[in-house]
Amino acid sequence: MKIGFIGLGNMGGPMAANLAKAGHAVTGFDLVTTPPDGVAAADSAAAAATGADAVITMLPNGAILKSVAAEIIPAMSQGAVFLDCSTVDVASAREVADMADAAGLMPLDAPVSGGISGAAAGTLTFMVGGGDLAFAAVADLFDVMGQKAVHCGPSGNGQAAKICNNMILGATMVATCEAFALADKLGLDRQAMFDVVSTSSGYSWTMNAYCPAPGIGPQSPADNGYAPGFAADLMLKDLRLSQQAAEAVDADTPMGHRAMELYADFVEHEDGAGKDFSAMLPRFESRRRSA
Ligand code: NAD
């Protein structure tokens, strides 16, 4: 396929490189970075989008996505797929999809999980909102860039799935870390705590697969000085998106809200910026009861 790729950062760069390696003709544009090997450079987003069968965007936020969309939609060919893989707010995703629909394009919102290592390895999971035809048209691209693509319903539902998943993830990580810190103060050995919880009803992905305690459980960022992994800053972004969405539809999400507040304190007022989101454990470890 002829592919335009806009936003060649930590995620977009390796995703575009994998598409080129698989034999697709990829033309890329980024305001800052240069395209990876195998990807041709365009001198604007519109130039990258012109004549493409599919245009992929991998951008920081909804405002930037909307401005790029306004630039590329008029340049895109009728019937082409506009595949946005950024994590953005549900409202922006639906607004961009409406603009693309009105211009005769096939929009998909397809945020990912799997992080930078998943982008490099081509093992991302895509959560996809949009039409059946569009989903089928780019199924091969999902196969190259990822290991799984779940069609979640109409436009915006990919973003909805992503923020619901990450709201569970953020709240569960907080719960896992505070439980370890409590166990420490009760004199319960961390290995014993892991052995019990990982095989009991408190088990979770954060405990079993991504244990925040160094030296316990499988290898995780905790074993690497809490270098990300999945950065606390990105968790904060996703938790904020979840609360923005919850507010828009009047949903009661107290755990997600509290997790957002804790990550905001951690990233903006403590020493969490640039650390993995599991570094909540040393944060709790160093604190006394506050509530
Ligand atoms: P990044 O900052 O490394 O990359 C974003 C790129 O977009 C940058 O290179 C920037 O120069 C470019 N850009 C910004 N405005 C532009 C414009 N107007 N035109 C062209 N290029 C522009 O960020 P990233 O880590 O690659 O993340 C991209 C998206 O993926 C975000 O929405 C993020 O939330 C999501 N995401 C990231 C991860 C992760 O682990 N990094 C995991 C899942 C999802």
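Select helix α8 and the largest pocket together: α8 gives the largest share of that pocket's lining, six residues. Keep in mind that this is a predicted model.

**Stop 1: the largest pocket**

Stay with the pocket itself. The largest pocket holds about 1,300 Å³ of space. How many residues line the largest pocket? The count is 43. Now pick Met11, Val112, Gly115, Phe230 and Leu234, which lie nearest the centre of the largest pocket.

Next, colour the elements around the largest pocket. At least two lining residues come from each of these:

- helix α3, residues 62-72
- strand β7, residues 112-113
- helix α5, residues 115-121
- helix α8
- helix α10, residues 205-208
- helix α11, residues 232-248

Then colour by class. The lining of the largest pocket splits into 21 nonpolar, 17 polar and five charged residues.

**Stop 2: along α8**

Select residues 157-185, which make up helix α8.

Leu182 sits in helix α8.

**Stop 3: the second largest pocket**

Which element gives the most to the lining of the second largest pocket? That is α8, with five residues. The volume of the second largest pocket is about 550 Å³. It is lined by 15 residues, and Glu178, Phe284, Arg288, Arg289 and Ser290 are the closest to its centre.

Along with α8, each of them supplies at least two residues of the lining of the second largest pocket. By class, the lining of the second largest pocket has eight charged, six nonpolar and one polar residue.

**Stop 4: the loop between α10 and α11**

Go to Tyr226, in the loop between α10 and α11. Tyr226 is a residue other than glycine, yet its phi is positive, near 65°. Next, select Pro228 and Gly229. The peptide bond from Pro228 to Gly229 is cis, with omega near 20°. Gly229 also belongs to the loop between α10 and α11.

**Stop 5: the cavity**

Rolling a probe the size of a water molecule over the atoms shows where empty space is left. How many cavities of 30 Å³ or more are found in the whole structure? There is one. The largest cavity has a volume of about 80 Å³.

Select the lining of the largest cavity: Leu65, Phe82, Asp84, Ala93, Val96, Ala97, Pro107, Leu108, Asp109 and Ser155. Strand β5 (81-84), helix α4 (90-102) and strand β6 (106-109) each supply at least two of the residues lining the largest cavity. The lining of the largest cavity divides into seven nonpolar, two charged and one polar.

**Stop 6: a salt bridge**

Finish with side chains. The whole structure has eight salt bridges. One of them joins Lys66 and Glu95, at 3.5 Å from N to O. Lys66 lies in helix α3 and Glu95 in helix α4, so this pair ties together parts that are 29 residues apart in sequence.

Methods
Residues numbered from 1 in each chain as written. Predicted model: local features only at pLDDT ≥ 70, side-chain atom pairs only at ≥ 80, totals over all residues. Heavy atoms only, no water. Helix = DSSP H or I, 4+ residues; strand = E, 2+ residues; numbered from the N terminus. 1 Å grid on protein atoms, 1.4 Å probe; cavity = no way out; pocket = protein on both sides within 12 Å on 5 of 7 lines; lining within 4 Å. Points joined across faces, edges and corners; volume = space filled by probe spheres on them. Nonpolar A, V, L, I, M, F, W, Y, C, P; charged D, E, K, R; others polar. Salt bridge = Lys/Arg side-chain N within 4 Å of Asp/Glu carboxyl O.
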